[in-house]
Amino acid sequence: MTGEEVKELSRKYVLQSWSIQKTLNPVPIEKAEGIYMYDYNGKRYADMSAQLVNLNVGFGNQAIANAIKEQVDRYCYLAPSYAVEPRAELAKMLIDLLPDNFGKVFFTNAGADANENAIKIARMYTGKNKVFSRYRSYHGSSFGAGNLTGEPRRFPLEPGIPGFVKFFDPYIYREAIDFPSEEAATKFYLAKLEEQIKYEGADSIAAIVMETITGSNGVIIPPKGYMPGVRALCDKYNIIMICDEVMAGFGRTGKMFAFENFDIKPDLVSFAKGVNCGYVPLGGVAVSTKIAEYFDEHMLSCGLTYSGHPLACAAGVACLNYYKESNIIQHVYEVGKVLGELLEELKEKHPCVGDVRYIGLFSAIELVKDKETKEPLVEYGKDPNGVMGSIIGNLKEKGFMTYSHENMLFVNPALIITEEQLKEELVKMDEVLAVVDKEYI
Ligand code: PLP
């Protein structure tokens with residue numbers, strides 16, 4: 001097929017996620033390698049979002065591809081009730097990577113069902129039913145995960161499931177109060193959370209679910225002491241702490257898991273994306289030994305036909321080995337430092353950049369009309385003139401592929417990106433932001 005034919009077939013028959021279908025103009029990709037994709041005319045695009053912040057190893061990782069091929073030749077599928085080598089091996093590898101309080105893994109197909117099962121496990125274990133999560137969050141689009149989600153992508157599911165309670169993230173840049181320090185902010189947010197726990201009734205709350213670092217709602221990094229503070233509240237009120245590491249996990253922040261940045265040990269960790277980078281869909285929930293032991297005596301009422309799919313797990317084993325052998329964490333730390341410097345330069349230079357937030361290779365650029373007032377470039381939940389879409393379009397023209405959310409642009413490339421590649425691409429961001437300054441400020 002030609003590129004045009006692929007595009008037309010796609011537009012005619014594929015319903016695309018989160019889109020008004022008639023506006024779609026998907027780029028047909030003929031091949032992809034490393035951080036680059038190529039269309040059918042040979043135009044190169046740098047993937048500056050690692051697809052949906054999952055393709056940490058980039059395209060064409062041979063170690064993962066070969067592991068999948070070898071598993072295809074052995075067998076492609078066995079039901080979850082069988083003992084399967086890559087499934088067992090991957091579970092052990094994950095437990096070895098996690099803190100010492102972790103014991104077992106329940107595998108799922110992706111991130112949403114990882115969160116679905118995490119909240120089920122917390123409810124079964126505690127015998128309580130309410131679940132706290134945050135407004136500026138995305139946890140998946142299925143019914144339970146969609147109800148955990150705090151931002152407008154949950155609206156089609158409303159009225160929501162009873163017992164799903166929302167609280168606010170520590171989003172200091174846009175807080176109504178100016179805090180004198182990070183510690184003061186932490187104190188404020190923790191006091192509010194504790195008040196809410198009391199008003200909801202601690203005896204009814206099974207779990208607090210948080211993206212360790214809020215991802216698609218703007219890379220919101222918790223202030224000093226916040227995560228240990230939430231951990232302490234969970235301990236005080238006997239609530240399960242669930243860290244959603246679907247986006248932030250597996251090296252993205254310069255640590256294997258994002259919660260390692262805050263020196264805490266959650267009770268449950270949901271994961272997906274970077275566990276095998278989507279070479280075959282995979283997700284899961286890692287559970288503490290204490291919770292795992294509960295299910296030694298009680299029924300685990302969770303199940304999926306493809307739980308721990310052999311091909312996905314074989315890809316996972318190869319992927320985790322690749323992270324280790326390529327010393328990816330050190331690489332992210334080093335290139336992440338350069339990313340931070342480049343983003344700070346953009347903020348300094350462009351009136352349209354209100355804030356930049358970054359950790360490792362996880363970053364967001366928040367666009368404003370006015371740096372002083374922080375008025376967002378587009379109003380929350382509204383962009384009738386397609387301003388953000390046209391900025392993304394300008395980047396795409398230059399071969400820089402990423403996505404936006406509300407008034408934010410994301411720079412979350414594959415973790416294998418080199419310093420040179422990053423610098424080359426951020427020149428394009430600089431040029432596009434200059435156009436934004438001129439047209440909208
Ligand atoms: N949790 C987080 C933090 C995510 O970013 C996502 C997806 O982007 C999900 C859960 C849902 O994962 P999936 O799309 O694999 O169901």
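**Helices, sheet and rings in a predicted model**

Q: In which sense do helix 7 and helix 8 cross, left-handed or right-handed?
A: In this predicted model, the axes of helix 7 (residues 182–200) and helix 8 (residues 226–237) come within 10 Å and cross at roughly 25 degrees. An angle under 35 degrees counts as roughly parallel, and the two helices are therefore roughly parallel to each other. The sense of the crossing of helix 7 and helix 8 is right-handed.

Q: How many nonpolar, polar and charged residues does the contact of helix 7 with helix 8 have?
A: On the side of helix 7 the contact includes Tyr189, Leu190 and Leu193, while on the side of helix 8 Val230, Leu233 and Tyr237 are among the residues that take part. Divided by class, the residues of this contact are 8 nonpolar, 2 polar and 3 charged.

Q: How are helix 4 and helix 10 placed, oblique or parallel to each other?
A: Helix 4 (residues 85–97) packs with helix 10 (residues 310–325) at an angle of about 40 degrees, and their axes are 8 Å apart. The crossing of these two helices is left-handed. Angles under 35 degrees count as roughly parallel and those from 65 to 115 as roughly perpendicular, and helix 4 and helix 10 are therefore, relative to each other, oblique.

Q: Which strands stand at the edges of the open sheet of 7 strands?
A: The sheet has mixed pairing and the strand order 4-10-9-8-7-5-6. The strands at its edges each have a single partner strand, so one side of each is left without a neighbour in the sheet; they are strand 4 (102–108) and strand 6 (164–167).

Q: In strand 8, which residue is the bridge partner of Ile208?
A: Strand 7 (residues 205–211) and strand 8 (residues 240–244) run parallel and are joined by 5 bridges. In strand 8, the bridge partner of Ile208 is Met241.

Q: What angle does the direction of helix 5 make with that of strand 8?
A: Helix 5 (residues 111–126) packs on the sheet, where strand 4, strand 9 (268–271) and strand 10 (283–288) are among the strands that it touches. Its direction makes an angle with that of strand 8 of about 175 degrees.

Q: How many residues apart are Trp18 and Tyr138?
A: The count comes to 14 aromatic pairs. The rings of Trp18 and Tyr138 have centres 6.1 Å apart and planes at 80 degrees, so this pair is edge-to-face. Trp18 lies in the loop between helix 1 and strand 1 and Tyr138 in the loop between strand 5 and helix 6, so that the pair links parts of the chain that are distant, 120 residues apart.

How values were computed
Residues are numbered from 1 along each chain as its sequence is written. This is a predicted model: local features need pLDDT of at least 70, side-chain atom pairs count only at pLDDT 80 or more; totals for chains, interfaces and linings use all residues. Side-chain values use heavy atoms; hydrogens and water are left out. Two strands pair if DSSP finds at least two bridges between them. Helices (H or I, at least four residues) and strands (E, at least two) are DSSP runs, numbered from the N terminus. Contact means heavy atoms within 4.5 Å. Axes are lines fitted to C-alpha atoms, for helices over the stretch in contact, and angles run from 0 to 180 degrees between N-to-C directions. Angles under 35 degrees count as roughly parallel, over 145 as roughly antiparallel, 65 to 115 as roughly perpendicular and the rest as oblique. A crossing is left-handed if the near helix is turned anticlockwise from the far one by less than a right angle, and right-handed if clockwise. Rings of Phe, Tyr and Trp (its six-membered ring) pair if their centres lie within 6.5 Å; planes under 30 degrees apart count as stacked, over 60 as edge-to-face and the rest as tilted. Ala, Val, Leu, Ile, Met, Phe, Trp, Tyr, Cys and Pro count as nonpolar, Asp, Glu, Lys and Arg as charged, and the others, Gly among them, as polar.
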